[in-house]
Amino acid sequence: MAQKLLLGKVFLRGGIVLKTGLHIGGSSESMQIGGLDSPIIRDSSTNLPYIPGSSLKGKLRSILERFGERLKDGKTEKLTFNRNIGTFRNKLFIHCCEDAAFAMQCDVCRIFGSSGDDRALRDQKAENMPALLMVRDCMLDENLLGVSASFTEVKVETGLDRSTMSANLRRVERVLPETRFNFELVYTVEANSPSARGRLTFREKELKKDLDNLLTCLEIVQSEGIGGYVSRGYGKVAIHVNEFTGKSLNFFKGNEKEFVGSKNAEMAIGEARTKIDEIVAFFKKEAENALRG
């Protein structure tokens, strides 16, 4: 069993501003004549739209799976979509490392976690790799409340039968452009070892690469969009970073000065990227102090 030593957390907070209408589907409890064919998801307590953390996390993971790599048997390799998380009839393949030892060397599984696959290992029991990244639900910016009573529109789309030229109308609900949601990513920084007898190690290069990859994925979200129907123009967003900080374990114990980075200052993703070296150096020092003790 691997050992882990908590060093602190990295916080990446900011805003997601819609540039075109956004559709992330919810469920309709009842069928109504003239009602919506595809409603959006809403917060059940306020009835306001939001972006589920699972949707943003899934988007980030799917992007990283397309350019991430892993080190296996001393060789760097591209990732394969090797795990079916769907059903036999409705397959849904993602990348997932077979064991925690492989996951620690994988760009995707190190951040998003993996579940071990005993069938892939003949001589040992596979171990899970818990995710280092948490993605919060993206709630509506509180500054918008009271400004507008409506944040959505109903867009009528037409499907045209190529043979008869008859139209099939669909009523799709979407969140209006210029609506802003707040996002929060929390990344756990650890020193670890692959086994109980191994030496705890702070993996400086992996931390730097993970933070850089997360910012790259956010950049690609801006270029691709999020939610459904992005190929039809939905879901284009602009992302701004308000906080990119590293907070040590001592910070959470009450020493509020034990953090590094920038907060309360709106930055583009590229500007946030310049803070990575400072955050990594901060945790390297924290690791040296912790492991020396």
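In which strand is V154 found? Select V154 and you land in strand 8, residues 152-160. Keep in mind as you go that this is a predicted model.

Stop 1: V154 itself is partly exposed, with a relative accessible area of 39%.

**Stop 2: strand 10 and its partners.** Now select residues 180-193, which form strand 10; 13 of its 14 residues are buried. Bring up its neighbours one at a time:

- Strand 1 (residues 3-18) pairs with strand 10 in the antiparallel sense over 14 bridges; look for V17 with its bridge partner R180.
- Strand 6 (residues 133-135) is also antiparallel to strand 10, over 3 bridges, and here M134 has V186 as its bridge partner.
- Strand 7 (residues 139-140) runs antiparallel to strand 10 and is joined to it by 2 bridges; L140 is partnered by F181.
- Strand 11 (residues 201-202) is antiparallel too, with 2 bridges to strand 10, and F202 stands opposite A191.

Stop 3: Setting aside residues up to four places away in sequence, Y187 touches G8, K9, V10, I111, L132, L133, L207, D210, L211 and L214. Y187 is among the residues with the most contacts inside the largest nonpolar core, a set of 60 residues; L56, L185, L211, F244 and F283 are the others named for this. Colour helix 4 (residues 204-224) next, as this helix supplies the largest share of the core, 7 residues.

**Stop 4: salt bridges.** The model holds 24 salt bridges, and a few are worth a visit. R273 belongs to helix 6 (residues 269-273), so the pair ties together parts that are 61 residues apart in sequence. Both ends are partly exposed, D212 at 28% relative accessible area and R273 at 27%.

Move on to R70 and E98, whose closest N and O atoms are 3.2 Å apart. R70 sits in strand 2 (residues 69-72) and E98 in the loop between strand 5 (93-94) and helix 2 (100-103), so this bridge links parts 28 residues apart in sequence. R70 counts as buried at 7% relative accessibility, and E98 does as well at 14%.

For a contrast in setting, select K78 and E69, a salt bridge with its closest N and O atoms 3.1 Å apart. K78 is exposed at 59%, while E69 is partly exposed at 25%.

Finish by selecting R13, R136, E184, E243 and K247 together, a network linked by salt bridges.

Definitions and conventions
Residues numbered from 1 in each chain as written. Predicted model: local features only at pLDDT ≥ 70, side-chain atom pairs only at ≥ 80, totals over all residues. Heavy atoms only, no water. Core = buried A, V, L, I, M, F, W, Y, C linked by side-chain atoms within 4.5 Å. Buried < 20%, exposed > 50% of the residue type's maximum accessible area, 1.4 Å probe, protein only. Helix = DSSP H or I, 4+ residues; strand = E, 2+ residues; numbered from the N terminus. Contact = heavy atoms within 4.5 Å. Pairing = 2+ DSSP bridges. Salt bridge = Lys/Arg side-chain N within 4 Å of Asp/Glu carboxyl O.
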